[in-house]
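Open your viewer and get ready to select residues one by one. This tour tells you where to click and what to look for.

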Amino acid sequence: MVLWEMHDPADAKSFADELCSCARIVPGMLGFEVVTRAEGLAATADVCLIASFTDAAALHAYEVHPQHVQVSARLRALRRARHVLDFAVDDGAARATLGPADAWS
């Protein structure tokens, strides 16, 4: 998961559109979702990427892929800050399941 804060929040849409060009560039990429902050909802970032990979090798292949490297270089000037949280999901781990949002209270 990667979160970016823009120098100018108006650049979030073009940033997200450019980032989407990195979807499906390596084998082992399972998911790639780019979202921008929604008006009226709480947010401390302007753009978020949630990507999933089969393993750490697929993530590394993405990080060093020429398309990703070029896009990152082009977008660097638009961002004020970047926050990354890479994590592994253990298929054997216990997971909490939340019911419908109206049942959370």
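Start with a definition: a residue counts as exposed when its relative accessible area is over 50%, as buried when it is under 20%, and as partly exposed in between. Keep those cut-offs in mind. Also remember that this model is predicted.

**Stop 1: helix α1**

Select Lys-13. Its relative accessible area is 55%, so Lys-13 is exposed. Show both side chains. Asp-17 and Lys-13 form a salt bridge, with 3.0 Å between the closest N and O atoms. Where do Asp-17 and Lys-13 sit along the helix? Both belong to helix α1, residues 12-19, and being four residues apart there, they are separated by about one helical turn.

Why pair at all? Side chains of opposite charge can pair when their charged atoms come close.

**Stop 2**

Then select Arg-74. These two form a salt bridge, and their closest N and O atoms are 2.3 Å apart. Glu-18 has a relative accessible area of 25%, so it is partly exposed. Arg-74 is partly exposed too, at 48% relative accessibility.

**Stop 3: from strand β1 to strand β4**

Next, select Glu-5 and Arg-80. Their side chains meet in a salt bridge, at 2.5 Å from N to O. This pair also links distant parts of the chain. Glu-5 lies in strand β1, residues 2-6, while Arg-80 lies in strand β4, residues 79-84. They are 75 residues apart.

Is Glu-5 buried or exposed? Glu-5 has 13% relative accessibility, so it counts as buried. Arg-80 has a relative accessible area of 54%, so Arg-80 is exposed.

How many salt bridges does the structure hold? There are four.

**Stop 4: a nonpolar patch**

Clear your selection and switch to a surface view. Select Met-1, Ile-50, Leu-85, Phe-87 and Val-89. They form a nonpolar patch on the surface. Together they have about 480 Å² of accessible area.

Ile-50 lies in strand β3, residues 47-53. Its relative accessible area is 41%, so Ile-50 is partly exposed.

Note on methods:
Residues numbered from 1 in each chain as written. Predicted model: local features only at pLDDT ≥ 70, side-chain atom pairs only at ≥ 80, totals over all residues. Heavy atoms only, no water. Patch = residues over 30% accessible without salt bridge, like charges linked within 9 Å, V, L, I, M, F, W, Y side chains within 5 Å. Areas by Shrake-Rupley, 256 points an atom, 1.4 Å probe, with all protein chains shown as cover. Helix = DSSP H or I, 4+ residues; strand = E, 2+ residues; numbered from the N terminus. Buried < 20%, exposed > 50% of the residue type's maximum accessible area, 1.4 Å probe, protein only.
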